[in-house]
Amino acid sequence: MLFTWFMLTGFILLFAPQNLTSKFQLAFVHVFRWPLSIGGDLALTAQTQQPLTGSVSRSETQYLNYIANLEKTLAEERQKFEKLSGLYNTYVWEGTDFALADVITANVDGSRSELTIACRKSAGLAEGQFVLGDECIIGRISDVFPQISKAEVVLVTDPTSMIPIEVEGLKNIMKGKGNNTAKIEMVKNEVKVGENVFALKKPGFLDAPMIVGKVSECNRNQKNPSLWDITVVPACDIEQLEDIAVIIMNPQK
Amino acid sequence: MRWFRFALLILAVTVIQKSLLARWSTKPDLLVVLLVFYAIHYSTSDAIISSFTIGFAADLVGSPMPMGPQMISFGLFGTLLAYLHRVIAIKRMPFQALAIFVSSLLTGVLSHLLAHITGEPVAANIYAVVFVTSLYSSIVGPFLFLPLAWWMRIKTSRFGRRY
């Protein structure tokens with residue numbers, strides 16, 4: 001009996017509208033954002049090689065850490081300012097707004113790829129907007145929850161992602177394949193490994209082509225050997241991203 | 001079953017799975033390890049409740065997958081494992097590792113199939129991902145059983161079948 005009731009609950013959740021059930025997932029992230037972000041930071045620290053310092057006394061270490069923390073905070077604030085002023089000073093971005101956001105959780109496992117972000121200002125955020133990480137397109141907004149200033153980003157490597165791109169003058173569609181890769185299928189010409197892949201302009205969402213990835217492999221299509229299949233990897237290390245910027249075209253003043 | 005300790009443990013493991021481990025492309029599934037632990041250390045009814053609860057927790061952090069598939073698959077295979085444990089005692093570490101490997105493999109495949117039914121796309125390499133995750137879980141899992149038993153106040157000498 002217990003088993004039947006639980007199964008029934010599971011099926012109700014499965015077939016309920018996803019925009020309704022995804023609120024449970026986001027509510028969890030919202031409630032536990034603090035331990036989640038600490039865990040994410042720990043993972044980032046573990047993945048980054050730390051330089052060794054000379055041995056110093058404990059009080060000196062504390063003082064040095066205090067100074068380092070202050071310097072880091074200052075550097076980060078300066079970096080944010082430069083990033084924003086740099087983006088605003090590019091002529092193609094005239095009239096465009098950028099919403100900076102922190103990455104709370106990053107799901108980059110082999111099957112699905114998604115980020116949950118905390119926006120400092122959620123006004124103007126909408127589904128479909130492009131997301132920048134380290135000056136390259138990393139994905140698009142898939143869901144916005146303005147009440148709790150959170151949004152979900154589907155990365156370009158997610159199997160649901162399809163983005164019009166251009167590589168070596170050839171226009172095509174790039175589909176996410178999971179495992180931190182995307183694929184461009186049925187390309188007429190062979191493309192060099194390392195070539196840049198650009199996301200095409202999309203009125204209302206992107207006013208200028210922007211780099212989205214780099215060609216990592218170019219193999220002949222198995223069904224049609226006269227065509228080529230290109231494997232693309234993101235232009236930045238998405239796993240290491242701590243903050244991102246959402247491109248808001250024609251923001252409402 | 002100490003339900004308060006169970007809730008705290010599930011919460012902690014869920015947060016660790018979503019934050020600390022999420023940034024690695026290959027990682028063990030700690031929730032499957034918990035599933036097997038509760039299925040082989042508690043009574044069948046406790047195992048059913050804990051299996052579905054762990055599945056629900058896995059769904060909560062399973063975004064962008066929809067809610068439901070993991071609750072169903074964890075519940076189904078957790079229950080089956082609990083019934084299997086009434087017949088075959090899974091006490092030794094290699095058997096525990098095997099139980100984790102098979103459970104992880106089956107829950108992973110069923111979750112993605114159920115998600116696919118609702119229109120979710122399936123990655124081309126999904127079976128490889130599920131296999132690697134199962135392998136990692138089965139290596140790490142049996143070593144986590146001891147601290148888990150300590151946390152749940154189970155005396156290791158009394159491990160065995162419970163009805």
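**Exercise 1. Describe the secondary structure of chain B in this predicted model.**

Solution. 
- Count the elements. Chain B has six helices and zero strands.
- Read along the sequence. The pattern is α-α-α-α-α-α.
- Check burial. A residue is buried if 20 or more other C-beta atoms lie within 10 Å of its own. By that test, 53% of the 163 residues of chain B are buried.
- Turn to the contacts in chain B with a separation of 6 or more. Residues 24 or more positions apart account for 72% of them.

**Exercise 2. Work out how H4(B) and H5(B) pack.**

Solution. 
- Locate the helices. H4(B) covers residues 69-87, and H5(B) covers residues 93-117.
- Two packed helices are described by the angle between their axes and the distance between the axes.
- Apply them. The angle between H4(B) and H5(B) is about 145°, and their axes lie 8 Å apart.
- The crossing of H4(B) and H5(B) is right-handed.
- Find the residues that meet. From H4(B) come Pro69(B), Gln70(B), Ile72(B), Ser73(B), Phe74(B), Phe77(B) and Leu81(B). H5(B) answers with Ala99(B), Ser103(B), Leu106(B), Thr107(B), Leu110(B), Ser111(B), Leu114(B) and Ala115(B).
- Sort this contact by class. It holds 10 nonpolar and five polar residues, with no charged ones.

**Exercise 3. Which parts of chain A touch chain B?**

Solution. 
- Start with the totals. The contact involves 43 residues of chain A and 34 residues of chain B.
- List the elements of chain A that each supply at least two residues. The helices are H1 (2-15), H2 (18-31) and H3 (33-47). The strands are S1 (96-107), S5 (150-155) and S7 (170-178).
- Pick out the top contributor. H1(A) gives the most, with nine residues.
- Sort the chain A side by class. It has 20 nonpolar, 16 polar and seven charged residues.

**Exercise 4. Trace the strands around the barrel of chain A.**

Solution. 
- Follow the order. Six strands of chain A close the barrel as S6-S7-S8-S11-S10-S9.
- The pairing is antiparallel.
- From one strand to the next, it averages 40°.
- Zoom in on one pair. S9(A), residues 196-199, pairs with S10(A), residues 210-220, over four bridges.
- Name a facing pair. Asn196(A) stands opposite Lys214(A) in S10(A).

**Exercise 5. Find the strands that pair with S3(A).**

Solution. 
- Take S4(A). S3(A), residues 130-133, and S4(A), residues 136-145, pair antiparallel over four bridges.
- Name a bridge. Phe130(A) has Arg140(A) as its partner in S4(A).
- Look at the turn. The hairpin of S3(A) and S4(A) has two residues between the strands, and Asp134(A) takes a positive phi near 50°.
- Now take S12(A), residues 243-249. Two bridges join S12(A) to S3(A), and the strands run antiparallel.
- Name the facing residues. Val131(A) stands opposite Val246(A) in S12(A).

**Exercise 6. Decide where in chain B to read with care.**

Solution. 
- Note the scores for the model. They are ipTM 0.82 and pTM 0.65.
- Go to chain B. Its mean pLDDT is 86, and 94% of its residues reach 70 or more.
- Over residues 158-163 of chain B, the pLDDT is below 50. That stretch still has 10 contacts in the model beyond near neighbours in sequence.
- Draw the conclusion. Where pLDDT is low, the predicted coordinates should not be read in detail.

Note on methods: Residues numbered from 1 in each chain as written. Chains lettered and ligands numbered in written order. Predicted model: local features only at pLDDT ≥ 70, side-chain atom pairs only at ≥ 80, totals over all residues. Axes fitted to C-alpha atoms, helices over the stretch in contact; angles between N-to-C directions. Left-handed = near helix turned anticlockwise from the far one by under 90°. Contact = placed C-beta atoms within 7 Å. Nonpolar A, V, L, I, M, F, W, Y, C, P; charged D, E, K, R; others polar. pLDDT = per-residue confidence, 0-100. Pairing = 2+ DSSP bridges. Buried ≥ 20, exposed ≤ 12 C-beta atoms within 10 Å, placed from the backbone.
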